[in-house]
Amino acid sequence: MSPKGKAFAPRAVPGLARPRKPRLPTVAERVLANGLRVVAVRRPSVPVVHVRLRVPTAVRRDEDLARSAMLERGMLLGTAERSQGELAEALQRIGGSLRVSGDADRLLLAGESLRAGLPELLRLLTEVLVGASYPRRQVEGEAARLADQLRRAWSQPGVVADESWLRRMYGGHPYGREHPEADEVLAVPPASLRAAQRRRVVPDGSLLVLVGDLTPARALDQVAAAMSGWDSTGGPSRVPAVRPAQQGPLLLVDRPGAVQSNLRVGGPAPGRTDPSYPAAEVTNALYGGYFSSRLVMNIREDKGYTYSPRSALRHGAAASCLVTSADVATEVTAPALVEVGYELGRMVSLPPTADEVAATAQYLVGILALSTATQAGLAGTLTALLADGLDVTWLREHPAALLAVTPDDVHEVAQTLLAPATRITTVVGDAARIEAPLSALTEVVRAT
Amino acid sequence: MVSSAPVTSYAVERATLRNGLRVVVAPDRSAPVVAVAVYYDVGIRSEPEGRTGFAHLFEHLMFQGSASLQKMDHVKYVQSSGGTLNGSTRLDYTNYYEALPSNALERALFLEADRMRAPAVTEENLANQIAVVKEEIRVNVLNQPYGGFPWLTLPPVLFESFPNAHNGYGGFEDLESATVEDARDFFDRYYAPGNAVLAVGGDLDADAAMELIRTHFGDVPRRTVPDRPDFDEPAPTSERRVEHVDPLAPAPAVALGWRVPDPDDLDAYLPYVVLTSVLATGDASRLRRRLVQEDRVASDVGAHIAFMEDAFDVRNPTALLVEAHHTGDVPSDRVVAAVDEELDRVATGGVPDDELERVQARLTSALLQGQDHVLSRTLAMASFEQQRGRAELVGELPALLGAVTGEQVAAAAAGLLPDARARLDIVAGGAR
C-alpha cells in the first residue's frame, strides 16, 4: 500500500554506529555482624533510592506454601511500634513503598523512597523485620482477602495451565505449584506467623541491595546503623533436590465452553551458572523467546493461531526449566500443537543459520543493557546475580559469552533443552471439542 | 509539598519539519540507551460506525512491511540491533516505539520513517492480522474472567455517542469485513506527518539527532491534516446503571465512573488526579482503609483517571473511575455506599496538610521512577507534546501536582455524586 498510488523506491537500512560500552556499576559491599550481606551502587539518574532484600527461606513441605503466602501478606500489617496504617503513612511520607513477595526459594522485600528518605526507609524495613506483630484481626482479614484473590486467580485459564504444567513437571516438589488454594490460606493459624518469621526471616545468608541516588560508603553506614538490631538467628534453607520428571501422556484439563486452549510444553533447562547457559539462552530466544523467533513467525505471523506465543526459561535455586506457552483458538488446538512440535524438532535436528544466531545474541545483549539502564532494573538484576553466586563482572562477561555462541553450540544444547524425550505437555480447553483431535496425535489423559 | 522535594528537568529541543512533523529531542547520557516514539493523533474515538476495532487492527498492519521492508523486517531489524518495540492503540492516539542501545538510533529513525512514508498491506497480511487480533480479544476478554472490566464495559454506560461508547477492540463482524482499501483510506486520512509527533530521548547528541531526523523524515510527503473532532457530550444528570453477567467470574465486582474536567485545563484537572491518590494509592489511602481494612467489604479497590490511558495522555471527555472486587455475600450497594461516604468525607472534611503532603511525596516518587526509564520518559514527552505542546511537562508535573491544595481536592470530591455517575455491576456467573 502506498498513499494515493504513489510508489516509493526502497532504500537501504542504515547500519549500526559504534556501540558505547555500558560502564560497570561501582559496587560497595559489607557483611554486617549479623551475617547480612549489603551491596550499594550509586546511580543518580533520578533522586530516588531502591532497596531489595532477598531472604533465602524455602518452601520445603506442601503446607509451607500457604504459610509463606501469609507471611508475605502479613508482614506489613503492623509492628510493635506502629499499626498497618501508621506504617503505610510513614512510608508514604518519604515517597516510599514496601512490598513483600516470594517463591519456593526465597522472600523478597522490595521498596524505594525519595533520596532523602533512605535512613527512614531502612528504619522502617528493620522495624518490620524485627517486630512485625501479625495482629490477629488484621491477619484474618488479610487471609480472607487473599482467599478471594486466589479464587479469582484460579478462575483464569492461564493460571490453571501454568499450575497444571508445573505439577506434571515437578510432582509433589515445592516447585510443583505457585498458587495455594483459598482454603489453605484460611487454615494458617494467625498466631503461628510471628514464630515463623523469627525462624525463617533471618539476616544470616540474606542479601540487601541498594541502588540509586546515594553515596555507597554512607549508605553502608546507614544500613549498619539501622539494621544491626535485626538479630534473629538461624540460616538459609533450601528446597529439596528435584527429581527428573517422567515424560507421560498429554494432560488435558477440561474447561467446558472455552473459546481458546492454553498449551504448555516444556522440560528441564540449565541454570544461570551452567557453562552451557549462554547457548541455552540463545537457543530459547531463537526458538520462541522473542518476537523475531521461529515460533512467533510460524504460529502467529504465518498461521494466525495465537496472539502471544512464547517460550521462557524459568530459574529456581534447585532447577530450571523451559516452557512454551501458546493460547490458541479452540478449533486449531491440535494443528497448533503440531507446529510447536515441528519447531522443537527442527531445533533438535538442524543447526540454525549463523545470521539467526548472531541476531538473537545481539538482541539478548541489548535487552540486558536496557534492563540495567534504570535504578529499579539494575537493583533487580544485581539481586538475582549475587544470589546466584555471580558478581557484577557478569554484566560485562555475559554479553561476550552470548556473542561467542555458534550455531553448533545451539544445535548441541537443543539436543537436551528441546528434546522430545523430556517434553511434558498440558492443555487447558474444551475437552468436548479438542480431546479427539489431540488423541489423534498423541496419548491423552484427563486431569482428575 | 515538602519544600525539599527533589526535581528533575530535561532539556528539550524541538522543531517542526516542512511536512508538518513535530519533533522533540531530549538527551540524557546516563545510560547507553535511546528511545524513539511516534504518536499519531488518531485513536479509537475516530473509528467510523461499522468499523469498530479498526484503529487497533491498523496498528497491527503497521508492522507488516513498508516502502523498503518486507513483512517482519521492521521487527527483526529492531530486535537484531538489541532493541525492543511495540505499539498501542488508545482512545485518542496510536503510538509506535522502540528502545535500543544508542548505536541503533539512526536505524530506528529509518524504520519509523519508512512506515510513515508507506506501509505495505496485502490481502494475506490483513487476513493474518485479523486472525491474530481475534486471538488477542479472546485471550484478554472472551476467555478471561472480568475480561474488559471496566475499560470496555463501563464506557457504554457513561457515554452515549458512538465515538466514546463503542468497543475499541471491535466486534468480530466488523474486523472480518475490513479491507485493504479501508487500510489505505485510514492511512491517507490520519497518518499524515503533520498529524504526528516524533520524540527521541536518551544517549544522543541533540544536534546530530536532529540532523538524522531531517535526513530520514524530511522527505515524507506533506499531506492534509484532518481536523480533530470535538468528542464532548453531555455528562449524566442521573445515575446510569447496568448489570453485566460474566459467566467466567467467580465473584462480583463493581465500577463507578464520573466525568472530570477537560484534561486540557490542568488547573481544573489536577485536583482529580491528586484525589485518586488520596482515595486508593497504598495502604494509607482512604478507600483501602475503609473498604478493605476496616469494613472488609472489598478485597481490592482502585481509583484512577481514564479508561485505558494514564491520567496524562487522554483528551476530553474522560472519567474518574473507582472499581472494587467483593465477595458474593457482600451486596454491591454496601460497597458503593462506603465509597460515597468516603467521597463525602473528603468533600466536607477536606484533606489535612499532613495527608496531602504524604500523597504528593508518593506521587512525586512514582513520577520520578517513570522518568528513570528512557522509554516511558520518551513516551510521556511525545504525548505531552502532542496533546499540550509541552514535552517539558515530564519534569514539571511533580511541582504542579504539589501546588494542588486540600480545598481543591475537596471541591473535586464534592462533584462526584451518585446522580452524576455511571455504575456497572458484574454479576458472578461463574460462582461455584
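Domain bounds, as used in this briefing, come from an automatic or database domain assignment. For chain A, that assignment gives domain 1 (27-227) and domain 2 (250-446). The structure is a predicted model, in which local features need pLDDT of at least 70 and side-chain atom pairs count only at pLDDT 80 or more, while totals for chains, interfaces and linings use all residues. Residues are numbered from 1 along each chain as its sequence is written, and chains are lettered from A and ligands numbered from 1 in the order in which they are written.

**Chain A as a whole**

- Chain A contains 16 helices and 12 strands; helices (H or I, at least four residues) and strands (E, at least two) are DSSP runs, numbered from the N terminus.
- The C-alpha trace of chain A spans about 65 × 60 × 50 Å along its principal axes.
- Of the 448 residues of chain A, 49% count as buried. A residue is buried if 20 or more other C-beta atoms lie within 10 Å of its own, exposed if 12 or fewer, and partly exposed in between, with C-beta atoms placed from the backbone.
- Among contacts in chain A between residues at least 6 apart in sequence, 80% join residues at least 24 apart; two residues are in contact if their C-beta atoms, placed from the backbone, lie within 7 Å.

**Domains of chain A**

- The C-alpha centres of domain 1 and domain 2 of chain A are 29 Å apart.
- In chain A, 25 residues of domain 1 are in contact with 26 residues of domain 2. On the domain 1 side, H5(A) gives the most, with 9 residues.
- By class, this side of domain 1 of chain A has 14 nonpolar, 5 polar and 6 charged residues. Ala, Val, Leu, Ile, Met, Phe, Trp, Tyr, Cys and Pro count as nonpolar, Asp, Glu, Lys and Arg as charged, and the others, Gly among them, as polar.

**Domains of chain B**

- Chain B is divided into domain 1 (13-217) and domain 2 (240-428), with C-alpha centres 27 Å apart.
- In chain B, 34 residues of domain 1 are in contact with 33 residues of domain 2. By class, the side of domain 1 that touches domain 2 in chain B has 23 nonpolar, 6 polar and 5 charged residues.

**Contact between the chains**

- Chain A contributes 71 residues to the contact and chain B 78 residues. H12(A) provides the largest share of the chain A side, 8 residues.
- By class, the side of chain A that touches chain B has 34 nonpolar, 22 polar and 15 charged residues.

**The two sides of helix H14 of chain A**

- Leu395(A), Pro399(A) and Leu402(A) are buried in helix H14 (residues 394-403) of chain A. They lie on the same side of H14(A), because they cover an arc of only 65° around the axis; the arc is that of the directions from the helix axis to the C-beta atoms.
- Arg396(A), Glu397(A) and Ala400(A), on the other side of H14(A), are exposed.
- Helix H9 (277-289) and H12 of chain A are included in what covers the buried residues of H14(A).
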